[in-house]
Amino acid sequence: MDERVKMLMLLNYINAGAAVLAKFLMSGAEARELWEPGKADVAKEAVGEKGLARLRAANNEAWAEREFERAQKSAVTLIFIEEHNYPEELGELKDAPLMLYFKGNIEKLRRRPRVGVVGTRRMSSYGRAVARGVGRLCAEYGMPLVSGGAWGVDGESQRACCENGGDTFAVLGTGVDVAYPQSNAELFRKISEEGALISEFPLGSGGEPWHFPQRNRIIAALSEKLVVVEAPFKSGSMITARVALELGREIWAVPGQIGSYNSEGTNRLIFDGAFPYISDEAFLTACGIEPAKRKGAPAAEPADLSAEDRKILAALKENGETTIDNLSISVKMGASDLLKNIALLSAKGLVFMSAPGRYSIRRKL
């Protein structure tokens, strides 16, 4: 194994980043001095006594060599800092990861503009609808979507992107071979087929609590525009937004109700100067995309709609996401007849189930 590759893998194993690497290399030391017992002083200065002990224990067990073989067998690509295919945006981080594990197609990550989507795991039905809407938007306009693959806003935005044929990238707080949460295993499989799973953590790494705040900096760096859908004031999503702001990324926050716990963070971001995500058109225009070129979205209501259909659409436009029971009262139709009309409107792409038992109108009508 190449000495530099081995050095980067061992440093990454003990969670050392670019700052540690720079400190070590500035001393004029050679890579092998990290693991040679007789060359302790420079290595200890760079990584500390505990870090050096962990690093050398890993070397004694041939960890780097075995990890490299595991990655090859699992079709996982290892990308090291300063390599041509290492995302250059990560170099803007104060302590960039020394290596990344990729499972999927890294080349698609080069497309622009890249949209980051983050938000709470405990999303509301409103948050779910917006997250899925942004995911569909990214798919329809060919914008790569970057998120964390977690429960809630992350997973819903990425699931909608996949369902509509888009490319999405999940930056994980585990190894790329670990499905966390397990309920998203099928989603991760789809992401790896059309986009990629990304992690700085070694294969087999579990979801340690400190992993997730750390991985958020990668989401922030890879995102040209970061959309915060729903976020409590003290949350991982707000950490991501702060890092993105420090890196000069555009922050877009979805307005929420005053007093809503899930909207405390997003509303504060808007108050502090973030762009309010008030419509797809405004966001697309900021991305340099002509909204009229959207694929698959009806420009207007079809002419062959019945009076009942138009009444249903009007009620959904006015009231937003709602249940069949509430819609039945609004349009004065029986539930069974209403469901038939809803099915026909769904087939025409005018209405969709935005949450279990709840329906919404496509926003382009």
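A residue counts as buried here when its relative accessible area is under 20%, as exposed when it is over 50%, and as partly exposed in between, using a 1.4 Å probe and protein chains only. At 12% relative accessibility, K6 therefore counts as buried. This lysine is found in helix α1, residues 3-13. Contact means heavy atoms within 4.5 Å. Leaving aside neighbours within four places in sequence, K6 is in contact with M1, W35, N59, A64 and E65.

Before going further, a word on where these values come from. The model is predicted, so local features need pLDDT of at least 70 and side-chain atom pairs count only at pLDDT 80 or more, while totals for chains, interfaces and linings use all residues. Residues are numbered from 1 along each chain as its sequence is written, and side-chain values use heavy atoms, with hydrogens and water left out.

## The chain as a whole

The protein chain has 14 helices and 12 strands. Both are DSSP runs numbered from the N terminus: helices are H or I with at least four residues, and strands are E with at least two. Of the 365 residues in the protein chain, 53% are buried. The C-alpha atoms fill a box of roughly 85 × 45 × 35 Å, taken along the principal axes. Among contacts between residues at least 6 apart in sequence, 67% join residues at least 24 apart.

S260 and R4 are 256 residues apart in sequence and 51 Å apart in space, C-alpha to C-alpha.

## The nine-stranded sheet

In what order do the strands of the open sheet of 9 strands lie? The order is β1-β2-β6-β5-β4-β3-β7-β8-β9, with mixed pairing. Two strands pair if DSSP finds at least two bridges between them. The edge strands, each pairing on one side only, are β1 (77-80) and β9 (275-276).

| Strands joined | Bridges | Direction |
|---|---|---|
| β3 (residues 115-118) and β7 | 4 bridges | parallel |
| β7 and β8 | 4 bridges | parallel |
| β8 (residues 250-253) and β9 | 2 bridges | parallel |

V118 stands opposite V228 in β7. V227 has W252 in β8 as its bridge partner, and W252 stands opposite F275 in β9.

Strand β7 (residues 225-228) sends K225 and V227 one way and L226 and V228 the other way, and all are buried. In a regular strand the side chains alternate between the two faces of the sheet.

Elsewhere on the sheet, helix α7 (residues 185-194) lies across β2 (99-104), β5 (168-171) and β6 (196-199), and runs at about 100° to β6. Such angles run from 0 to 180 degrees between N-to-C directions, with axes fitted to C-alpha atoms, for helices over the stretch in contact.

Which residues of α9 are buried? They are S237, M238, T240, A241, V243 and A244. What covers these buried residues includes β3, α8, β7, β8 and α10. After α9 comes G248, whose phi is positive, near 85°.

## A pocket and a cavity

On a 1 Å grid over the protein atoms alone, a cavity is a set of points where a 1.4 Å probe fits but cannot get out, and a pocket is an open set with protein on both sides within 12 Å along at least five of seven lines; lining residues have an atom within 4 Å of a point. Grid points are joined across faces, edges and corners, and a volume is the space filled by probe spheres set on the points.

About 390 Å³ of space lies in the second largest pocket. Of its 22 lining residues, the closest to the centre are G119, R121, S235, G236 and S237. Helices α8 (211-222) and α9 (236-246) each supply at least two residues of this lining, and α8 gives the largest share, 5 residues.

A search of the whole structure finds 1 cavity of 30 Å³ or more. The largest cavity holds about 80 Å³ of space. Its lining includes R121, W151, Y180, F212 and R215.
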